[in-house]
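The sequence and the structure are shown first, and the notes follow by topic.

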Amino acid sequence: MSTSDKVQEDKDTMEQENPQEEIKSEAENPEGAETNEFAYIQQGFTSEIFKIEVRNMPKHYGMGELRKHLQKNSLDVAKIKLPRQNSPWIYICFRSTEARDEGIRALNGMKWKGNVLEASEAKPAPDPLVKRRNEDAEQGGNPAKKARTIQECTTPLAHLTYEDQLKQKQSEAENLLKRFSGDIWKACPGQRVEIERLRKEFNGLPCEMEQIRASPLISGYRNKCEFTVGKDTSGQNVVGFRLGSYVTGFIEVSPVDELKHIPDRVKMAVRLFQQFVRASKHDVFNPEHHTGVFKQFSTRLSFSSNEIMLIVGVNGGNLSPGEAEQLKRDVREFFTEKDGKIVNVSSLFYQDMRKKDKDFKKDILEHLHGNTHITDEIHGLKFRISPEAFFQINTPGADVLYRSIIDLGRVTKDTTVLDICCGAGTIGLCCANFCKRVLGVEIIEQAVKDAKFNAEANSIENCEFFTGNTDDFIFTLMNRPGVSDGDVLAVVDPPRAGVRVKTLHQLRNARNLNRLIYVSCDPKRVFKNWLDLMRPCSKTMKGYPFKLKKAIPVDMFPHTPHMELILLFERDIPAEADAADQANAEDQQKSKESEESDTK
């Protein structure tokens, strides 16, 4: 260890000897609360005061694995914080001093995945909003962090022509794959010769890439929006988007009238709800002090039926039962009988959005008016959309996305499609007319109910949907009659952060799964998922590795830097192994025919 490292280690040790005393003293001092970066600790809505640091974490682990590991040791965990992906240390917040101390006792010295963990008490993080306020004061009133405009925050490419936007996204997709090819080089030594060949053939890329496919609708395409209710820079109540995040020190909200990606009807609904908020006796929610009521306003719009769903989100903990019931009546009356009637709302909900704890684990939705869902169409199929169901935010763009998946996967009438993270079944149902059958898996029960309803409503009979963790179902589904010996395509369309490690183990170990399509809206975050599909065989990854064959970028989000990237992976089966499998299959068939002959 170098001298500088030893000095830093001594400094860190000194800071950890009693990390809470100074902070606790500052937090309990009422003077200068506006500048005290730890005053929030005494306000009763944080677990930061019960935080520990766990070091020497294993190199590869999933959040699901980690949570199960903590649950197995009966630890009362409130939150897990990763400084960065696959960091060798993490922060764990508990709900009390006793739970924190028990966490340290249980984790310090514990062996997990071959590593001996080290756990100790950690300092709470400073309030980022107060920290920025103090930095501004030190700068003589000049903001240390300049707030961007609402256009810069949400639609930074809107100043470009759409053609130039597509060129920029195509370049970004190419750069992502070039960077990923370096990761493949390190993780898959056996593929290096082929990687070099592919780089020469495809101009530095590890596979063939098509030109980005454009969105049919460029402006006003968002069918779902979640707006923040807060105050603008002048202190006026506004319904719009934040100019930043709390963690970066911003809580100001800006109106959305000039944004190109929001439909005009949605903008009208926002202006009317803003009028309702300003006339109400209740204030908007303040994320610094957790005061106020109005917190969020969500909209879902159908491009086929023109139905609109509105969801009014409030911090119900600051309302008495009587006040909450009166507010519900006022919201319903405003949108059905008063000024808000012009929106012609089809579905209206009230959502209680309190801080999550033992007694309040999820937001509570209450239906106030109209239908409980709206209906939209993709590929000529009707889909029921409930308030919490996942549905692509660009309906015309989803047509392009799903057609790209069908084309890339070479779906035929002999293909079984395994729809991983199927949501409301949109991908699987759009594939149904082109394939033999669809088997979908999703952990959210309501989404699976929607998928089953959508299949029945469209008279589709070759689809089945199941509720549960994907890694619990893949093995079972792959061994069903007619699946294990047929053509199987897995389509993985996971949340932004990707799928669990165990899901990838099951996909790798699924013997007859030879093609897989991975759809990502945030490719940088799922590099590890892709690599796990391609790594050499190991104790956990027993199946033959996949190889990256082709990529198609699809623009689902005009005016923003985001896009969907579809990758096709194919199983890399050695020729000798393939021949052995074929011979084994032929032997089994002969044995079966012989048994049938003897029976006759």
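**Helix H4 and its surroundings**

The buried residues of H4 pack against strand E1 (51-55), helix H3 (63-72), strand E3 (90-94) and E6. The model is a predicted one, in which local features need pLDDT of at least 70 and side-chain atom pairs count only at pLDDT 80 or more, while totals for chains, interfaces and linings use all residues. Residues are numbered from 1 along each chain as its sequence is written, and side-chain values use heavy atoms, with hydrogens and water left out.

- Helix H4 spans residues 97-107, and its buried members are Ala 99, Arg 100, Gly 103, Ile 104, Ala 106 and Leu 107.
- Buried means under 20% relative accessible area, exposed means over 50%, and partly exposed lies in between (1.4 Å probe, protein chains only).
- Helices (H or I, at least four residues) and strands (E, at least two) are DSSP runs, numbered from the N terminus; packing rests on contact, that is, heavy atoms within 4.5 Å.
- Gly 109 follows H4 and has a positive phi, near 90°.
- Strand E6 (residues 118-121) contains Ser 120, which counts as buried because its relative accessible area is 18%.
- The side chains of Ser 120 and Arg 55 are joined by a polar contact of 3.1 Å. Such a contact is a pair of N or O atoms within 3.5 Å; within protein, one must be able to donate a hydrogen and the other to accept it, and residues adjacent in sequence count only if both atoms are side-chain atoms.

- The largest nonpolar core has 48 residues, of which Leu 177, Leu 513, Leu 516, Trp 530 and Phe 569 touch the most other members. Helix H7 (residues 162-187) gives the most to this core, with 8 residues.
- A nonpolar core is a set of buried Ala, Val, Leu, Ile, Met, Phe, Trp, Tyr and Cys residues joined through side-chain atoms within 4.5 Å.
- Leaving aside residues up to four places away in sequence, Leu 516 touches several residues, including Leu 507, Leu 533, Phe 546 and Leu 567.
- H7 has 26 residues and reaches 37 Å from its first C-alpha to its last, close to the 38 Å expected at 1.5 Å a residue; the expected span is 1.5 Å times one less than the number of residues.
- Among the buried residues of H7 are Tyr 162, Leu 166, Ala 173, Leu 177, Phe 180 and Ile 184.
- The cover over the buried residues of H7 includes helix H8 (192-201), helix H16 (527-534), strand E22 (546-554) and strand E23 (564-571).

**Salt bridges**

- The model contains 34 salt bridges, each defined as a side-chain nitrogen of Lys or Arg within 4 Å of a carboxyl oxygen of Asp or Glu.
- Glu 48 and Lys 51 form one of them (3.0 Å, N to O), and both residues are buried.
- Arg 403 and Asp 407 form a salt bridge of 3.6 Å, N to O. Both lie in helix H11 (residues 395-408), 4 residues apart, about one turn of the helix.
- Asp 572 and Lys 547 form a salt bridge, with the closest N and O atoms 3.5 Å apart. Asp 572 lies in the loop between E23 and helix H17 (575-599) and Lys 547 in strand E22, so the pair ties together parts that are 25 residues apart in sequence.
- Lys 547 is buried, at a relative accessible area of 14%, whereas Asp 572 is partly exposed, at 28%.
- A network of salt bridges links Glu 208, Glu 210, Arg 213, Arg 403, Asp 407 and Lys 550.
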